[in-house]
Amino acid sequence: MTSNSNLSNMRRLVDQLKLEASVERIKVSQAAAELQQYCLQNAAKDALLVGVPTGSNPFREPRSCNLFQGQQNIRIMQRKTYIGTQKND
Amino acid sequence: MRFSISPEMATQEVQPNETLSNLKAESDTLKTKLEDERAKLHDVELHQVAEKVDGLGQFIMKTRRTLKGHGNKVLCMDWCKDKRRIVSSSQDGKVIVWDAFTTNKEHAVTMPCTWVMACAYAPSGCAVACGGLDNKCSVYPLSLDKNENLAAKKKSVAMHTNYLSACSFTNSDMQILTSSGDGTCALWDVESGQLLQSFHGHAADVLCLDLAPSETGNTFISGGCDKKANVWDMRSGQCIQSFETHESDINSVRYYPSGDAFASGSDDATCRLYDLRADREVAIYSKESIIFGASSVDFSLSGRLLFGGYNDYTINVWDVLKGTRVSILFGHENRVSALRVSPDGTAFCSGSWDHTLRVWA
């Protein structure tokens, strides 16, 4: 039984290698040239590479203080509750 | 293609093609043939082609946000397509969804297992998938109601026979691709939990996977403890290309933005670039001073920069074309375990065993 499974494993390996050997390949010089071309064509859009004009990268903006934002939310909630009770009257 | 049979083999009683030793000889011949075919086309090195390209200037990249809240090692993270939300998972079983702009936590789920090694955001932004030592991948729809118990709506999708190492939604919320310590990858239907395709070929744990950019078709890559990186056809389940040049476990694989190449990070302290159409490794990113494994890699938007998170707590930034290191980023106080560039390329996020995530820009 073991020899059969070894045999079928080897057969599968040989088939797999035949498949991989038959892959169509291009020269490294051509592949490298195309990788380079892609990089250069898209370089301008790459914020981490070239940086972006100040103001358009949200992470580079100083963010508003969490505490302040929290206070703002509480005030908005309070106002909504007040309006709610007014309507019920 | 038939191979000539040597006289000794022809005298055996059994069909010459079928004995174990003959198949072994045939496979050895094929392996040599494969190497020869690849070598024939190796006419130049990538960095030689890139000699005429301008070098990169000084990089000012700093931690812009620190996400604190995990109680233990952060193991994985993923960005939402909205470019501001992040999901992260950790050793203590917690999965947290953050708003990276404000650093607020929007959702938190406690998984029933520890070591949640994989997490992913759904393309719609309405769900997250995660899993780890539970051998499963579960999907949690994200509710707008912060008080709602997310765990109640959990859907178990994938079932492996060993830990879940990575997961990713395909182009929609409907299918998930998983990789596992059981040596396989699998494609699942989220709604029914049905196994749509399984991918066998790794000889050991599969540690990572990445889907091809949607324009380039239905393939994905996986990397494993067998030091191999495999390229798979999602529809047939067939392994179409395989690369074995790393000297240790491959922890991370990531497609080049054009889909024609991919990078890998390994415990052998190197990152490597493989071109799919040349069918070979075309660059190695290493330095004698870097001796710790690379756990996670990702490309910048144009593919010119490769970010690698390492087990020596640093992030190295490589010039993909020239093969040189352009920057080294310090900040984490323990291993960097996860690293992803944001969907629009304006920042990248790193997760670490120091319990925090950092957003760099």
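**Figure 1. Pairing of β26(B) with β27(B) in the predicted model.** In this predicted model, β26(B) and strand β27 (residues 348-352) of chain B run antiparallel and are joined over 5 bridges. One residue pair can be picked out in the view: Val336(B) stands opposite Ser352(B) in β27(B).

**Figure 2. The open sheet of 4 strands in chain B.** The strand order is β1-β28-β27-β26 (chain B), and the pairing is antiparallel. β1 (63-68) and β26 (336-341) of chain B are the edge strands; each has a single partner strand, so one side of each has no neighbour in the sheet. From one strand to the next, the twist averages 20°. Strands of a sheet pair through backbone hydrogen bonds, which may be arranged in parallel or antiparallel fashion.

**Figure 3. Strand β28(B) and its partners.** β28(B) is paired with β1(B) in the antiparallel sense over 5 bridges. Within reach of this pairing, Arg65(B) stands opposite Val359(B) in β28(B). β27(B) also runs antiparallel to β28(B), and 4 bridges join these two strands. Here the bridge partner of Cys349(B) in β28(B) is Val359(B). β27(B) and β28(B) form a hairpin with 3 residues between them. His355(B), in the turn of this hairpin, has a positive phi of about 80°.

**Figure 4. Burial of strand β28(B).** Strand β28 (residues 356-360) of chain B is mostly covered, with 5 of its 5 residues buried. In a regular strand, side chains alternate between the two faces of the sheet. Both faces of β28(B) are covered. On one side the buried residues are Thr356(B), Arg358(B) and Trp360(B).

**Figure 5. Ser327(B) in strand β25(B).** Ser327(B) belongs to strand β25 (residues 325-329) of chain B. Its relative accessibility is 14%, so Ser327(B) counts as buried, the cut-off being under 20%. Val317(B) is 10 residues away from Ser327(B) in sequence, and the two are 5.0 Å apart in space, C-alpha to C-alpha.

**Figure 6. Two loop residues of chain B with positive phi.** Lys83(B) lies in the loop between β2 (74-79) and β3 (85-90) of chain B. Its phi is near 65°, a positive value in a residue other than glycine. With a relative accessible area of 36%, Lys83(B) is partly exposed, because this value falls between the cut-offs of 20% and 50%. Trp115(B) is found in the loop between β5 (104-110) and β6 (118-121) of chain B. Trp115(B) is not a glycine either, yet has a positive phi of about 50°. At 28% relative accessibility, Trp115(B) also counts as partly exposed.

Figure 7. The elements that give two or more residues to the lining are α1 (2-21) of chain A together with α2 (20-40), β17 (239-243) and β21 (280-285) of chain B. α1(A) gives the most, with 7 residues. By class, the lining has 5 nonpolar, 8 polar and 11 charged residues.

**Figure 8. Chain A.** Chain A has 4 helices and 0 strands. Along the sequence, the elements of chain A follow the pattern α-α-α-α. Chain A has 89 residues, of which 26% count as buried.

Notes:
Residues are numbered from 1 along each chain as its sequence is written. Chains are lettered from A and ligands numbered from 1 in the order in which they are written. This is a predicted model: local features need pLDDT of at least 70, side-chain atom pairs count only at pLDDT 80 or more; totals for chains, interfaces and linings use all residues. Side-chain values use heavy atoms; hydrogens and water are left out. Buried means under 20% relative accessible area, exposed over 50%, partly exposed in between (1.4 Å probe, protein chains only). Ala, Val, Leu, Ile, Met, Phe, Trp, Tyr, Cys and Pro count as nonpolar, Asp, Glu, Lys and Arg as charged, and the others, Gly among them, as polar. Two strands pair if DSSP finds at least two bridges between them. Axes are lines fitted to C-alpha atoms, for helices over the stretch in contact, and angles run from 0 to 180 degrees between N-to-C directions.
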